[in-house]
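These are my notebook entries on one protein model. I record what I looked up and how each term was defined.

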Amino acid sequence: MSLIVLTIAKFALIAVLYLFVFALMRTARQELDAPHSRRRSPQLPAKPQRLRLAANPKTVLPLTAPSVTLGRHTDTAAPLDDVYISDEHAELRVDANGWHVRDLGSTNGTYVNSVRITGPTALAVGDTLRIGKTVFLVEA
């Protein structure tokens, strides 16, 4: 009788292992077949639409052009009165992934969330952008 019990237990264990492997493969296949955007959408930040001067909530810079230059020069999108800002300090540019900021070789640097950037840096809603002593809040 013990030989029959052992044989049944062996087949039951093999069946459980096959069911586990089948469930694992089915889950992996569902993940691989899922649309790319559905899998990544919870991780993507909201795309910014405007900058608001943090010190003055009434000053808003809509991001409507594909490229916006920030600085003191009158040809920039919004000439800023800050002696710590270069004439052409930073550039905001949009692509398929959203808005990015790039320092244009300014003396005092460009900061995103208090970190000095060294190359194009993505902006997300809620980020702070500081050029000179002027701080912007990125909004949707």
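I began with Ser67 and found that Ser67 stands opposite Arg93 in strand 5. The model is predicted, so I noted that local features need pLDDT of at least 70, that side-chain atom pairs count only at pLDDT 80 or more, and that totals for chains, interfaces and linings use all residues. Residues are numbered from 1 along each chain as its sequence is written, and side-chain values use heavy atoms, with hydrogens and water left out.

Entry on strand pairing. I looked up strand 3 (residues 67-71) and strand 5 (residues 90-95), which run antiparallel and are joined by four bridges. Two strands pair if DSSP finds at least two bridges between them. Thr69 has Glu91 in strand 5 as its bridge partner. I then turned to strand 6 (residues 98-103), which pairs with strand 5 in the antiparallel sense over six bridges. There, Trp99 in strand 6 is the bridge partner of Val94. A hairpin of two residues joins strand 5 to strand 6.

In which order do the five strands of the open sheet lie? I read the order as 4-3-5-6-9, with mixed pairing. Strand 4 (78-79) and strand 9 (121-122) are the edge strands, and each pairs on one side only.

Entry on the whole chain. I recorded two helices and 11 strands in the protein; helices (H or I, at least four residues) and strands (E, at least two) are DSSP runs, numbered from the N terminus. Of the 140 residues, 28% are buried (under 20% relative accessible area; exposed is over 50%, partly exposed in between; 1.4 Å probe, protein chains only).

Entry on Phe20. I located Phe20 in helix 1 (residues 2-33). Why is Phe20 called exposed? Phe20 is exposed because its relative accessible area is 54%.

Entry on rings. I found zero aromatic pairs in the structure (rings of Phe, Tyr and Trp, the last by its six-membered ring, pair if their centres lie within 6.5 Å; planes under 30 degrees apart are stacked, over 60 edge-to-face, the rest tilted). The charged end of Arg130 sits over the ring of Tyr111, 4.1 Å from its centre. The charged end of Lys10 likewise sits over the ring of Phe11, 5.8 Å from its centre. This term requires NZ of Lys or CZ of Arg within 6 Å of the ring centre and within 35 degrees of the ring normal.
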